[in-house]
Amino acid sequence: MKDLKIGFVGLGLMGRPMVSRLLAENYSVVVWNRTPEKAQTLVGEGAKLASDIADLVCNVDVVMTCLSDTAAVEDLVFGVQGIAQFGAPEKTLIDFSSIDPLASKEFALRLQQQCEMQWIDAPVSGGTAGAKAGTLIIMAGGNVDRLESVREVFDPLCSRLTYMGGAGAGQMTKLCNQMVVACNSLVIAEMMALGRSAGVDVGCLPEALAGGFADSIPFQILAPQMAAHDFTLKWKVATLLKDIDGAVQMAEKLQSETPMSRKGSDLLRACAEAGNSDRDLSSLITMYEPSA
Ligand code: NA7
């Protein structure tokens, strides 16, 4: 077993494969999830299920969180019987969730003031495929010395970890990342729908366009699913909508023009409001296909 003991909170689409990677690399991992059933397969792989947040935080060196949004993170860290109540100066919180950068900065300060526990914001890119393969891209913010002291725990999870600056810098970088991912995903959907209507064999497109200027990792993930109408859940429309909304709100604060992202936000919201919020992002194509 490795020396640093890990606690992982949030066993959603991303959290589960990340814990599997840590277990496979011989880390001792204690897990907790609001819906405990989601921990079952991980317990089979060697994870220990904590009875509550106190049981988790008190028994580990590093607490990792991978939660839906800003409100969920605030609740789990600062709510009643939350992480902050059991934190200590030698413990580190690594937040893999994608949340509001300004809130993340404020949370880091609040945690420091409350229990002197250090907060690293470390949002990820690469989706469930990257999480399963341990090839995520991670953009980190916070205290650089603390990041270096726990750097080894990132190794099973990512192919690149980049320190972007002080608290919240990782989250701000993730918003930049998501502006490109959201707009790219939307144009992929409308292109696939148009191609099919025009008689293009869209099932061939992932191979035909591979390596060209239109290629991208989202394209290689989404295009085959869209071509086959296989909407197996890998990433939720709601998750990307949250991020593009975050980018647009940040742009408003900074008086920066983001016309593409604003349009992307409107289009993703329309898709979510059409009943696709918790469906896979590949369901975007249904918004652009001629109705049967
Ligand atoms: P999922 O699959 O929607 O998982 C979200 C997780 O967050 C899941 O474990 C949820 O628990 C948990 N959650 C959400 N709200 C709460 C509250 N209020 N209290 C406790 N736990 C909560 O998302 P992904 O795994 O795709 O993404 C996770 C993050 O990574 C997200 O920020 C992305 O942008 C990047 P549940 O299982 O529903 O009980």
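A residue counts as exposed when its relative accessible area is over 50%, as buried when that area is under 20%, and as partly exposed in between. In this predicted model, E90 has a relative accessibility of 57%, so E90 counts as exposed. E90 is found in the loop between α4 (70–78) and β5 (92–95). On the surface, E90 gathers with D3, E25, D61, E152 and D155 in a patch of negative charge.

Aromatic rings come next. Four aromatic pairs are present in the structure. In one of them, the ring centres of F78 and F107 are 5.6 Å apart and the planes stand at 55 degrees, so this pair is tilted. Because F78 belongs to helix α4 and F107 to helix α5 (residues 101–115), the pair ties together parts that are 29 residues apart in sequence. F78 has a relative accessibility of 16% and therefore counts as buried; F107, with a relative accessible area of 2%, is buried too.

Another aromatic pair, F96 with F154, is edge-to-face, with 6.1 Å from centre to centre and 85 degrees between the planes. Here, too, distant parts of the chain are linked: F96 sits in the loop between β5 and α5, while F154 sits in the loop between α7 (144–149) and β9 (158–165), 58 residues apart. F96 and F154 are both buried. Together with F8, F96 and F154 form a cluster linked by ring pairs.

Charged side chains also meet one another, and the count of salt bridges comes to eight. Among them is the bridge between E74 and R110, at 2.7 Å from N to O. Since E74 lies in helix α4 and R110 in helix α5, this pair ties together parts that are 36 residues apart in sequence. E74 is partly exposed, with a relative accessible area of 32%, and R110 counts as partly exposed at 25% relative accessibility.

A further salt bridge joins the side chains of D243 and K242, at 3.1 Å from N to O. D243 is buried, with a relative accessible area of 4%, whereas K242 is partly exposed at 23%.

R262 and E252 form a salt bridge as well, with their closest N and O atoms 3.3 Å apart. R262 is in helix α12 (residues 259–276) and E252 in helix α11 (residues 237–254), so the pair ties together parts that are ten residues apart in sequence. R262 is partly exposed, with a relative accessible area of 38%, and E252 is partly exposed at 47%. Finally, salt bridges with shared partners join E74, E106 and R110 into one network.

Notes: Residues are numbered from 1 along each chain as its sequence is written. This is a predicted model: local features need pLDDT of at least 70, side-chain atom pairs count only at pLDDT 80 or more; totals for chains, interfaces and linings use all residues. Side-chain values use heavy atoms; hydrogens and water are left out. Patches are made of residues with over 30% relative accessible area and no salt bridge: like charges are joined within 9 Å, nonpolar side chains (Val, Leu, Ile, Met, Phe, Trp, Tyr) within 5 Å. Accessible areas come from the Shrake-Rupley method with a 1.4 Å probe; for residues, only the protein chains shown count as cover. A salt bridge is a side-chain nitrogen of Lys or Arg within 4 Å of a carboxyl oxygen of Asp or Glu. Lys and Arg count as positive and Asp and Glu as negative; His and the chain ends are not counted. The place of a charge is taken as NZ of Lys, CZ of Arg, CG of Asp or CD of Glu. Helices (H or I, at least four residues) and strands (E, at least two) are DSSP runs, numbered from the N terminus. Buried means under 20% relative accessible area, exposed over 50%, partly exposed in between (1.4 Å probe, protein chains only). Rings of Phe, Tyr and Trp (its six-membered ring) pair if their centres lie within 6.5 Å; planes under 30 degrees apart count as stacked, over 60 as edge-to-face and the rest as tilted.
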